[in-house]
Amino acid sequence: MAHRIIQAGDSRSFPAAHAFLIGAIANGDIHVYIGARVGEAFTRSTNRDQCTAHLVELGDECLGVHTGEARGNEGSNVLGFARFRMGSAEPSNLIELVKQPQTSPAALVACKALFELFGFKVAVCSDVPGRIVNRLIRPYLNAALRRLDERLASAGDLDATLKMGLGYPEGPIALLERTGLAAHFDVTQALYEWTGDAAFAPARRARVAKLRGAAQG
Amino acid sequence: MSEIKTVGIAGAGTMGAGIAIVTARAGFRTLLYDTNARQLERARDQQAGFFTSSVKRNKLTQAEVDRIMADLVPTTRLEDLVACDLVIEAVFEDLGVKHQLFAALNRVCPAHTIFASNTSTISITEIAGGTGRDDRFVGMHFCLPAQLMKLVEMSPGMNTKPDVFDAAWQFCAALGQKPVRTQDSPGFVLNYFLIPFNNDAIRMVEAGIAEPADIDLAIKTAMGYAMGPMELLDLIGMDTQVLLCAAMHGLTHEPRATCPALVKRMIAAGRLGRKSGRGFFQYERDAMFGA
Ligand SMILES: NC(=O)c1ccc[n+]([C@@H]2O[C@H](COP(=O)([O-])OP(=O)(O)OC[C@H]3O[C@@H](n4cnc5c(N)ncnc54)[C@H](O)[C@@H]3O)[C@@H](O)[C@H]2O)c1
């Protein structure tokens, strides 16, 4: 199994040199589209059935935006993926691998094996906004910001309680400060638009950070 | 006020069994009370297993374990709690059950005995209101697994006397735990965040978005959490989760606190979590976490 990289703009998953990029070859039979303009690059691709699989790097969008959807029967040898990353932090070692209802099992197995070969942990999920991690942690981070406004506890106590009580390496407030409240705004705003779910609506403090960032250029 | 020497733990389930380890290990004579003798036997086996690992890992000597196990006395007789200076309640998360227990304890225990509840979601002031001694009542919320986790959220009720709260706080520190003061607000800090978070994870399984193992792997890898939500839920137990949700949603009316239907189906299918050998995952043995 070998892969070929088709880069179209800056990639959030691979912002710097990485063994996964270096290990690619020109005639690899899994085509990996990365970068901010993957949509255009993927649209231009032809003879897609001749490859084992295609992997499209996703941002906040669903894979269906690139592949099209068909009454819940969509799916082929095209999968989506993203390497999870909190705001300005380094990308994590997690690959969220996105499948559709009729995704080819062989393509799924091949893509999972490819990422695992390069040392990634791979979690498979269906094509939903927020995939696994953002879907779970953004409402929690929003709630922490709201409860801070309501003075349930101080920022330090809130963080300390969640760290000690749940074994989290970092409390929610410190995590958002480290990785960027404005970035949290961007993700939650996108998820809120996709889902209409109030749990994703950006918290006041995230909106303030976003507006301040914009005002300060 | 007399010094705390003897402690009662009411309820020998997931939490009570662990809290009893903490109190006995810290040198307090501990009476573990449950109405169900089988629960006491199960707790005893788990505690013995836990301390065997502690000796193996050189955390305790066999002599220390012998002393601790001798200090840890199981009982099904409520009257035995007459000897207690402080009683920590860890029975079902149900206001009626807790009121009934505390009313009985109020008749049995001496006037100086402090009552504490390990409730996760019920208001401390509301529980205290049905005990006959709301001035000697505190919230003392240990975390799961109690034998390993240091944090205790401590909350006074509206009528708790400051010196009683202080005494309970000192006792908590003497256990080697780390008390933090929280308001008597639904779910305190931890459960306010945890219950909806876990429900969201269950809804993800329910909607077929991802397998439990993938959810845990994703959260642990991305966030560095020690445990994924699905394995944590198996430890909490579906029967407890349903009660936690009912209590939390009843107080906050937040949509994310409503119990997903899947939890009720899992309970009906006997998939309670670790305690029944199967929840989101399958388990081979009923051992406790840690050493
Ligand atoms: N499981 C958790 O994650 C967790 C964490 C922190 C706090 N809590 C709280 O701790 C309490 C206990 O939870 P658990 O998970 O250990 O429950 P559990 O169901 O595992 O155990 C409850 C035990 O209480 C006993 N019991 C019931 N009624 C009784 C009575 N009237 N007198 C004596 N014993 C009685 C039962 O026989 C059972 O052994 C609840 O208030 C819960 O909210 C639970």
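## Domains of chain A

Domain 1 and domain 2 of chain A bury about 790 Å² between them, with 68% of it on carbon and sulfur atoms. The model is predicted. The side of domain 1 that touches domain 2 has 6 nonpolar, 2 polar and 2 charged residues. In contact terms, 10 residues of domain 1 of chain A meet 13 residues of domain 2 of chain A.

Polar links here are counted too. The rule finds 2 residue pairs in polar contact across this interface, both residues at pLDDT 80 or more. Salt bridges between the two domains number 0. Domain 1 spans 3–128 and domain 2 spans 135–216 in the assignment for chain A. Their centres, taken over C-alpha atoms, are 28 Å apart.

## Chain A against chain B

Chain A and chain B bury about 3100 Å² between them. Carbon and sulfur atoms give 78% of that area. On the chain A side, Leu136(A), Thr161(A) and Met164(A) lose the most area to chain B. Together they account for 21% of what that side buries. Each chain puts residues into the contact: 34 from chain A and 34 from chain B.

## Polar links and elements

Between chain A and chain B there are 3 residue pairs in polar contact, both residues at pLDDT 80 or more. The salt bridge count across this interface is 0.

Which elements of chain A give two or more residues to the side that touches chain B? They are strand 6 (121–126), helix 5 (133–149) and helix 6 (155–166). Helix 5 gives the most, with 9 residues. By class, this side of chain A holds 24 nonpolar, 6 polar and 4 charged residues.

Technical notes
Residues are numbered from 1 along each chain as its sequence is written. Chains are lettered from A and ligands numbered from 1 in the order in which they are written. This is a predicted model: local features need pLDDT of at least 70, side-chain atom pairs count only at pLDDT 80 or more; totals for chains, interfaces and linings use all residues. Side-chain values use heavy atoms; hydrogens and water are left out. Contact means heavy atoms within 4.5 Å. Buried area is the accessible area (1.4 Å probe) that two parts lose on being put together, summed over both. A salt bridge is a side-chain nitrogen of Lys or Arg within 4 Å of a carboxyl oxygen of Asp or Glu. A polar contact is a pair of N or O atoms within 3.5 Å; within protein, one must be able to donate a hydrogen and the other to accept it, and residues adjacent in sequence count only if both atoms are side-chain atoms. Helices (H or I, at least four residues) and strands (E, at least two) are DSSP runs, numbered from the N terminus. Ala, Val, Leu, Ile, Met, Phe, Trp, Tyr, Cys and Pro count as nonpolar, Asp, Glu, Lys and Arg as charged, and the others, Gly among them, as polar. Domain bounds come from an automatic or database domain assignment.
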